[in-house]
Amino acid sequence: MIRHLDESALNSRQSIGWFDGYVRYLDQRILPHEITVIETDEWQNIYDAIKTLAVRGAPLIGISAAYGVAVAVHALPLDRNIRKVAIEVIDSLAQARPTAVNLTWALNKMRLVVDNTTKDDQLCSALLEEAVAIHDDDILRCESIAAEGQTVVPDGSNILTVCNTGFLATGGIGTAASIFYRAFDLGKKIHVYACETRPLLQGARLTVWEMSRANIPVTLMVDSAAAGLARDGNIDVCIIGADRVAANGDVANKIGSYQLALACKANDVPFYVAAPWSTIDTDCPDGDHIPIEERAAEEVTKIDKNTIHPDEISVYNPAFDRVPANLVSGIITEKGIHTPPYKFIRESK
Ligand code: MRU
């Protein structure tokens with residue numbers, strides 16, 4: 001079952017939630033033209049939402065998947081093998097997107113609940129509790145990142161960013177964008193330069209929408225304008241999000257992130273990555289081991305359903321970039337700002 005609801009079905013600055021047996025999420029594919037909340041009680045719809053970027057952003061992908069598991073078992077009668085269904089759904093959801101480690105991070109937590117809950121009649125509620133806990137935990141992590149990041153954003157900063165890292169990308173107020181929200185709330189005069197983020201335009205459609213709604217001064221530009229802006233001295237700091245941080249500090253984030261890092265290095269602009277600990281993959285030694293999602297050619301060959309090239313042409317459409325650690329000034333997490341050499345300790349389960 002899928003229902004389309006209006007914006008009031010979620011709180012302001014809320015991108016997902018659990019409502020009495022249903023998951024509700026903002027459909028980010030059609031923002032900012034339409035603000036539609038989708039309500040569903042079928043995990044397959046959550047899978048599709050992740051795959052098609054109706055929900056997106058590393059932390060939100062993990063939270064969505066956790067709710068997907070909870071909704072899959074929610075109304076199952078006890079004579080169905082709830083344990084088996086939960087594991088099958090966890091395994092399926094894990095395939096939805098490869099790069100953001102938050103997906104497997106959240107699903108591993110759900111798997112642990114299956115393993116540790118011995119009584120079948122308690123499994124549904126235990127899985128729902130865990131999904132809500134994962135969501136609540138992300139809200140707190142976002143708040144802490146917002147506070148930790150203030151030292152890199154002095155009053156008057158011009159800030160460069162790419163993609164969308166705000167409430168649309170997380171369970172809380174955002175990662176990199178949480179720092180912008182907090183700086184603005186503290187009365188700092190900041191200005192955000194948002195790269196449009198071809199091909200799916202998360203910067204143009206989502207970041208500009210979020211910043212404008214919060215009255216934060218924001219300027220939209222094509223991705224290729226960033227280097228010149230940095231060269232001309234118009235950027236004080238660049239802050240981006242991450243989909244996975246490797247143990248050595250290499251970062252995977254939206255395509256275009258590497259060229260921003262290079263432009264910042266060449267022009268002595270500090271380049272920071274903001275991410276919760278759930279995005280740090282201590283099992284991944286370096287960026288070369290981070291799987292990079294390649295998406296459909298038509299994301300590039302079409303603009304707003306208008307074909308700019310026939311589909312037969314060869315297209316390279318990686319959704320993410322790898323940014324080497326030597327280009328990163330620091331990684332802003334809820335536990336402080338980490339600088340090289342990185343020694344990330346695995347979180348206890
Ligand atoms: O393909 P997307 O839109 O899911 O990519 C999102 C990003 O690259 C974000 O920068 C990243 O997930 C950090 S979100 C807080």
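## Reading a predicted fold

Modeller: Let's start with threonine 197, which is buried at a relative accessible area of 1%. Here buried means under 20% relative accessible area, exposed means over 50%, and partly exposed is in between, using a 1.4 Å probe and protein chains only. This is a predicted model, in which local features need pLDDT of at least 70 and side-chain atom pairs count only at pLDDT 80 or more, while totals for chains, interfaces and linings use all residues. Residues are numbered from 1 along each chain as its sequence is written, and side-chain values use heavy atoms, leaving out hydrogens and water.

Colleague: Where is threonine 197 found?

Modeller: Threonine 197 is in the loop between β6 (191–195) and α7 (202–213). Those names come from DSSP runs numbered from the N terminus: helices are H or I with at least four residues, and strands are E with at least two.

Colleague: Which peptide bond involving leucine 31 is cis?

Modeller: The one joining leucine 31 to proline 32, with omega about 0 degrees. Proline 32 sits in the loop between β3 and β4 (36–40). Further along, the bond from proline 340 to proline 341 is cis too, with omega near 0 degrees. Proline 341 belongs to the segment after β17 (336–338).

Colleague: Let's step back to the whole chain. How many helices and strands are there?

Modeller: The protein has 10 helices and 17 strands. For overall size, the radius of gyration is taken over C-alpha atoms, and the globule rule is 2.2 Å times the number of residues to the power 0.38. With 349 residues, that rule puts a compact globule near 20 Å, and the protein has 20 Å, which agrees. Along the principal axes, the C-alpha atoms fill a box of roughly 65 × 45 × 40 Å. Buried residues make up 56% of the 349.

Colleague: What share of the contacts joins residues 24 or more positions apart?

Modeller: A contact means heavy atoms within 4.5 Å. Among contacts with a separation of 6 or more, 75% are between residues 24 or more positions apart.

Colleague: How should I read the nonpolar interior?

Modeller: In soluble globular proteins, nonpolar side chains tend to be buried together. A nonpolar core is a set of buried Ala, Val, Leu, Ile, Met, Phe, Trp, Tyr and Cys residues joined through side-chain atoms within 4.5 Å. The largest one here has 46 residues, and Tyr25 and Leu127 have the most contacts inside it. Elements giving two or more residues to this core include β2 (16–19), β3 (22–26), α1 (43–51) and α5 (120–148). Helix α2 gives the most, with 12 residues. Apart from this core lies another, of 32 residues, among them Leu10, Val152, Ile239 and Ile332.

Colleague: Which residues is tyrosine 25 in contact with?

Modeller: Leaving aside neighbours within four places in sequence, its partners include Leu10, Ile16, Val37, Asn45, Ala49 and Val55.

Colleague: Is helix α6 mostly covered or uncovered?

Modeller: Mostly covered: seven of the 10 residues in α6 (176–185) are buried. They are Ala176, Ala177, Ser178, Ile179, Phe180, Tyr181 and Ala183. Alanine 177, for one, has a relative accessible area of 4%. Beyond neighbours within four places in sequence, alanine 177 is in contact with Thr165, Gly166 and Met211.

Colleague: Which state, buried or exposed, does tyrosine 316 have?

Modeller: Tyrosine 316 counts as exposed, at 63% relative accessibility. Its place is the loop between β14 (306–307) and β15 (320–323). Tyrosine 316 and glutamate 294 are 22 residues apart in sequence, with their C-alpha atoms 7.8 Å apart in space. Aspartate 288 is exposed as well, at 65% relative accessible area, and lies in the loop between β12 (280–281) and α10 (298–301).
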